[in-house]
Amino acid sequence: MRRGEDNALRNVGRLFVALWRLVRGEDQRGRKVKWLVSQLRPYRGRVALMFVGLLAATAAGLAPPYLAGRAIDSGIQTGDVAALDLIVIAFVAVAIIYAAATYLQTYMVGWVGTRVLQDLRQRVFAHLQSMSIGFFTRRSPGVLISRMTNDIEALNQLVTDGVVTIFSSTLTLLGVVVILLVLDVQLALVVFLTFPLLLIASVIFRIVSHGAYRATRERIAAITAYLQESLSGVRVVRSFGQEPRHVDEMTELNEANRAVNMKTVYLNASYFPAVELLAAVATGVILVYGGGLAIDREIQIGVIVAFVGYLTTFFEPIQQLSQLYTTYQQGMAALDKIFDLLDTAPDMVDAPEAIDPGTLRGEIELDGVWFSYKEAAEPGEDVWALRDVDLHVPPGQTLALVGATGAGKSTFAKLVARFYDPQQGRVLVDGHDLRGVQQRALRRQLGIVPQEGFLFSGSVRENVAFGRPEASLEEIEAAIATVGATAFVEALPDGIETEVGERGIQLSAGQRQLVAFARALLAEPRILILDEATSNVDVRTEKTIEKGLERLLQGRTAIVIAHRLSTIRRAGKIVVLADGGIAEQGTHDELIAAGGPYSKLYGAWSESSVA
Amino acid sequence: MRTYRRLMGFLRPYRFQLWGSLAFAWAAMGMTVAIPWLIGRAINAIVEYDKPDLLPLALAIFAAAILRLGLTVVRRLVAGKVSLAVEFDLRQVFYAHLQRLELGFFDGQQTGQLMSRATVDLGAIRFFLGYGLIFITQNLLTIVLASAVMFVIDPVLALLALAPAPLIVYAASRYNRVSRPAQQEVQQRIAELTAEAEENVSGIRIVKAFAREEYQLHRFQRAVSRVFDQSIYATRLQAFFSPLIGLLPQIGIALVLLVGGRQVINDNLSLGDFTAFYTYLVMLAGPLRMLGVAMGMAQRAIASGNRLFEILDREPRIESPPGAPALPAGGGRVQLRDVTLRYAGVDAGAEREGALPALSEVSLEVEAGRTVALVGPSGSGKTSLVALIARLYDPDQGTVFVDGVDVREVDVPSLRSEIAFVADDSFLFTASVAENIAYARADASLEEIEAAARRAQADAFIRALPDGYETRVGERGLTLSGGQRQRVAIARALLADPRILILDDATSSVDATTEVAIKEGLQEAMAGRTTFIIAHRLSTVSLADEIVVVDGGRIVDRGTHAELMEGCGFYREIAEHGLADSVFLQRDLEAREEMARL
């Protein structure tokens, strides 16, 4: 307990030291907070109103016990009815002002705080959009997402609750101290004796219960996760008949949850009654000591009543202030994380002299390209995804990339889309080095169909029009028809307006693939990059996909990471990649005739399919 | 009201503690009410006597406070225990009931819906049963006692002072009722925003590829402003109600000052009584508000109770008949006789009234120890057919026999322990690899687990994991590749040592080397059991003694590969286009390179 007390006091100390350093601008956080405050500028009118409301509410909140005391001393005890009426009118007026000011303050704080943080949220999002693909591969998606969600929420807590608490609690506390001192110095000093007791008790409680409450959140999260898992795995549970075992495991989790929660029950059962006791003791002290003073006619009865009335107003802000350190810490940590992200400058921005190449013919050339996902790779290291690749693809040709996982097929495609720049060599489109071309101008003419057919939530129509939102409904329907998806789209509950769900989950893998084809087609790309799906679709969809693919490839340069024999056979050129280099290249017939690795593979496959 | 009574049933086991806790709460409230009265006495003493002895009164206040401390501590401990016990019971009942329900129930339910029953609704109920009831009685008692004292002192003044009280209760309960849903909607919209952010981050390649960053930003802004609008709505509610609830008691106090003050001046009321009145009103503001809050809680708890009972009242439809015998010994002979299966309550839209049954009048006999491959387009009924064998569903018509016995007449666990599944997407639980393998037989020794893993060709990769067999895998553990998951699932099935093995062949998740290994593992696994393979590839089809071709919920043909290639056009079409062996080119290439490297 001794240790806890020390920590508690130290934490309060730390809060003030931290705040002081903030104000003096002595740490990096000062800059960040200053920046955050500067974001309030567009809303300064509302901020001003908020402070008006806050001050008025705090002042009005302090008045009633004093007025009640005055009513007794100046009205009732002296028998002055007029004075009594006046004081009661003041009392009602103050209560109404309090309500109105509280409304103003609550609303304005909520509005300004939420607005500023929404601005920040959008800023983080916009910043992310400007980052390169390489940035995203280096970071876990969960972390990036939590910058826009959890961290903003933590900051929201600090901005709305924190700011209001620190101002209104401090002001209330100061106000009560001043009023009590004005009413009667001696009695005030006696009451203040309870102050440190309450503060210490509150701070200890906050700190101890912080850990305890965190433990309860963790336990309940574990229960939720377990429940979620046994629901998603319900088929396995039923088919192995393991229900009793899951019930037992749940019981265990449930017990653990009860145990940690019991701790919070103990804490609450000791803290809140203790505060009540302290308040009652203080009341007793006021009566005995103040009563003595009143008997000696040193103070009036109204003063005692006012003192009793102020006790609650006096206890609340102390309890609230003791909560603040945690909020402060969490909010500041969030601010640090958000700043880390915003301070990361976007890489791969267009050079100022970058050109818009106009409509592309679709000629692709790789010239001595070396590439590694490790940024500072040494030539000797075994980290190269592509090694010294030279290749020329004339406009309009379909190039099939064949090779094992990790042979460099997707890397090849990513370099053409300029998701990355090669460490050595050049990637050229229509003779322009990609590093000198405006990225958006290039990508607007690219169509990319990923293996899993990633869709965004929204309707089928919106997804098809993703690359060209201005496309008319006729154009969209034409694209769907061209890839042979009309039949399935029409069979959907709302046809083309059917919501596909998050990541297109409402559609089957084959259907997603077809929508992705239509999306690429509508964008009218000059260069198509396609990662063929390997996932199993049934016979009918398979045939449709084959036809859709054929239409998609017509009249444009295409790089296909190929898995289907039909695609490979049809390709103008097949490139067999192995270990980041080109093993052989040519048409299907040429490669079969050459008798290299490709022909061996083909032979093996033909045999196995007949067997 | 019925729901309410049923909810109260959860408190029955704790009724003694509950009454005890109430008694303590009431006693503590008595003390709370006594304190202002004592203050009033003290004031009177100060005014009336010249040299009053205040110490006894102060000591009385002090004693009342100490007594209240003791009573409150005990009350909080007992009530807290009861509340946690009720939460525990509710969760146990709910979870155990979910475990009794058959698979068909879950097909028609969204996981999110069930989860919200288990979290949001359960929380609302336990809060009401655990705290709400005590709040209500305790606050009600405070109000009644304080009002009684006030009425004794001066009935007219008491009536005036308490005039705003019903309004406070009403405003507070209304606030609680409207603000909760508003807050939950904020959370809901934040969840939508999170989903939006998540989708953008995972689809960033598409965004970049189509140069649609601005459009994405626009979408995100929409999600952001939805959160903003709802937050502002919730803030407005708070900004309106909380000052209102604060204002109402002040009006009562003002009335006391005005009218009571005059009475003191006219000597109709002592100053002490007046002060007591004043103190009571200050004191009552809290309980009145809490009473309102607790009433709001009660309304929500009943709504939640209705949703919870909806599930608890759903009787399980697949259960062992009373006193059912265990599955008799046998080699795993399976018969389906004129079986028709319709899925009930599959989420609306996908399945409409009069939709085709998943299986229609299917008859099939498989001798013990045989291996049968089921081939057909997706949705043709392959998975439904094997699910019937383990009685995961009951057919609408027809009968399923295992070793000559109707599966509906035997003990369900004894049946399922003789059947093991290796599913297409092998689901693993968040637990160690060893625990996952020993899933069906928790008592298995480590040697047995390792032996099963070796037979499933999984031992080598498991040993290479960070903690070997103790590595945590599953949704919240290390993510294994599809092929690795499948091999763990095979080991799991092998350790169960079933009579009947059902393999749903995973298709795209395995690379070539492991495919060869798995094929060996499968052959090992199938020895001496009846095996059903839902096959997507020629290579796995080749493991079977016989092929059954399924389409549209019917068996259209059966025979060997050669026979079917000859005589079944549909099978030939599937074999040439549908079985994913065109993908094989890729796999063989990998295999060859792998071998070349070795």
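This is a predicted model: local features need pLDDT of at least 70, side-chain atom pairs count only at pLDDT 80 or more; totals for chains, interfaces and linings use all residues.
View 1. Strands (E, at least two residues) and helices (H or I, at least four) are DSSP runs, numbered from the N terminus; two strands pair if DSSP finds at least two bridges between them.

View 2. Four strands of chain A form an open sheet in the order β2-β1-β4-β5, with antiparallel pairing. Because β2 (384-393) and β5 (432-433) of chain A each have a single partner strand, they stand at the edges, and one side of each is left without a neighbour in the sheet. Helix α13 of chain A (residues 409-416) lies across β1 (364-372), β2 and β4 of chain A and runs at about 120° to β1(A). Axes are lines fitted to C-alpha atoms, for helices over the stretch in contact, and angles run from 0 to 180 degrees between N-to-C directions.

**View 3. The interface of chains A and B.** In chain A, 123 residues are in contact with 131 residues of chain B (contact: C-beta atoms, placed from the backbone, within 7 Å). Helix α11 of chain A (residues 243-295) supplies the largest share of the chain A side, 27 residues.

**Notes.** Residues are numbered from 1 along each chain as its sequence is written, with chains lettered from A and ligands numbered from 1 in the order in which they are written. Local features need pLDDT of at least 70 and side-chain atom pairs count only at pLDDT 80 or more, whereas totals for chains, interfaces and linings use all residues.

Technical notes: Two residues are in contact if their C-beta atoms, placed from the backbone, lie within 7 Å.
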